[in-house]
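Visitor: I have a new model on my screen and I'd like to learn how to read it. Could you walk me through it?

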Amino acid sequence: MDTRTKYLGLDVESPIIAGSCGLTNDIDNLVKLQDAGAGAVIVKSVFEEQIIYDIKRNLSMMAPTDSYGMSYEYIAAHVADDSLGQYFNFIKEAKKRLHIPVIGSINCYSFENWMTYTQRFQEAGCDGLELNMAILPYETTLSCEDVDRLFSDIINTLRKSVSIPISVKVSHNFTDMANFMQRLSWMGINGITMFNKSLNVDIDTDTMQIKHAPSLSTPEELYETLRWVAILSKKLRCDISASTGVHKPEDVVKLLLAGAGSVQVVSCLYKNGVEYMRTLNEGLRSWMAEKGFDSIQQFAGKLAVKANEQASLFFRTQFMKHFAQL
Ligand SMILES: Cc1cc2nc3c(=O)[nH]c(=O)nc-3n(C[C@H](O)[C@H](O)[C@H](O)COP(=O)(O)O)c2cc1C
């Protein structure tokens with residue numbers, strides 16, 4: 001059974017990818033994921049906040065002196081270098097131990113740091129880079145045009161400065177979702193990861209305090225991913241890597257039928273252990289055997305909305321069929 005395919009233009013043995021998370025921040029886990037058949041691994045993101053935090057912590061440990069102000073820039077650059085250095089050493093080690101693609105991941109909020117950090121990923125030997133741009137439009141002052149400009153400025157500049165494949169990971173909070181994803185796919189990127197699961201907050205009614213909502217996804221979250229993958233897979237100029245809500249082998253099959261080029265998993269690995277990657281791959285292969293498919297290409301995108309089909313009509317028809325039966 002041949003599960004070989006392409007992910008960001010790279011050859012992979014399986015379309016199932018270990019998504020960026022705490023589990024992929026550990027070399028032993030990466031090796032286990034590779035042994036269990038992961039097509040590629042995406043390491044935990046570098047967050048700009050984390051580097052800024054390291055800088056502030058280091059500065060707060062120093063006695064304030066007159067020369068402190070003058071040396072701030074130097075110290076900040078040194079600490080940032082050190083924090084990133086540890087991360088890139090991890091990537092270099094992963095590259096030594098793994099033969100599958102190792103993808104770096106980065107999440108910044110300032111334009112300058114996107115540029116500075118990204119080039120170093122390439123130097124560290126990453127096979128590709130996932131830009132976590134799951135920017136939620138929280139501010140009332142932020143318009144659609146502002147969000148558009150932010151994406152295009154960052155991507156256009158990064159595209160020119162690195163030659164490794166780039167994927168952009170997004171949330172599904174866009175007013176003009178389909179149109180925006182299409183324009184994004186025209187920006188010279190190799191893939192779009194749909195979707196990041198944003199950290200939700202909850203309220204504790206006893207203490208009347210804000211608390212974290214559960215960070216792992218539920219199986220029901222698959223449907224939102226499935227919907228957009230099916231609508232967009234034939235209409236974009238780059239691959240879709242599906243993420244959020246994949247818990248069972250059949251979820252992988254559904255997303256491939258909907259046109260995803262690859263499928264990322266995280267929560268199911270937290271729930272079942274990294275070895276669960278093997279179960280997902282075995283499940284995919286046994287489904288293919290049962291249906292008589294020898295390769296992924298034979299069924300990929302079979303149930304996607306067609307390139308010239310209007311998604312609104314397609315979904316209206318499904319809606320009418322469903323309600324006609326009630
Ligand atoms: C504990 C945890 C840590 C995560 N860390 C990152 C991260 O560093 N970078 C990132 O892009 N996504 C991160 N994610 C999001 C996942 O990559 C993924 O998009 C999300 O969990 C949805 O996929 P799932 O349904 O398979 O869990 C994290 C998720 C979890 C649960």
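Predicted model: local features only at pLDDT ≥ 70, side-chain atom pairs only at ≥ 80, totals over all residues.

Visitor: You mentioned peptide bonds. Is the one from Met194 to Phe195 cis or trans?

Guide: That bond is cis, with omega near 5°. To find the spot, look in the loop between β9 (191-194) and β10 (201-204), where Phe195 lies.

Visitor: Okay, zooming out. How many helices and strands are there in the protein chain?

Guide: Count 11 helices and 13 strands. Along the principal axes, the C-alpha atoms fill a box of roughly 75 × 50 × 45 Å.

Visitor: Now helix packing. At what angle do the axes of α4 and α5 cross?

Guide: Read two things off a helix pair, the approach of the axes and the angle. The axes of α4 (residues 111-124) and α5 (residues 144-161) come within 10 Å and cross at roughly 25°. Angles under 35 degrees count as roughly parallel, and that makes α4 roughly parallel to α5. The crossing of this pair is right-handed.

Visitor: Which residues make that contact?

Guide: On α4 they are Phe111, Trp114, Met115, Thr118 and Gln119, and on α5 they are Asp153, Ile154, Thr157, Leu158 and Ser161. By class, the contact of α4 with α5 divides into five nonpolar, four polar and one charged.

Visitor: How do α7 and α8 compare, parallel or antiparallel?

Guide: The axes of α7 (residues 222-232) and α8 come within 9 Å and cross at roughly 20°, which makes α7 roughly parallel to α8. Leu222, Thr225, Leu226 and Val229 of α7 meet Asp251, Lys254 and Leu255 of α8. That contact of α7 with α8 has four nonpolar, one polar and two charged residues.

Visitor: What about α8 and α10, at what angle do they cross?

Guide: Helix α8 (residues 249-257) and helix α10 (residues 276-291) have axes that come within 8 Å and cross at roughly 60°. They are therefore oblique to each other, and α8 passes α10 in a right-handed crossing. Pro249, Glu250, Val252 and Val253 of α8 make the contact with Thr279, Leu280, Gly283, Leu284 and Trp287 of α10. Sorted by class, the contact of α8 with α10 has six nonpolar, two polar and one charged residues.

Visitor: Last one: how many residues surround the ligand, and which are the closest?

Guide: For a ligand, list its neighbours and then sort them by class. There are 21 residues around the ligand, the closest being Gly19, Ser45, Ser217, Val266 and Ser267. The shell has five nonpolar, 13 polar and three charged residues.

Key:
Residues numbered from 1 in each chain as written. Near = placed C-beta within 6 Å. Nonpolar A, V, L, I, M, F, W, Y, C, P; charged D, E, K, R; others polar. Axes fitted to C-alpha atoms, helices over the stretch in contact; angles between N-to-C directions. Helix = DSSP H or I, 4+ residues; strand = E, 2+ residues; numbered from the N terminus. Parallel < 35°, antiparallel > 145°, perpendicular 65-115°, else oblique. Left-handed = near helix turned anticlockwise from the far one by under 90°. Contact = placed C-beta atoms within 7 Å.
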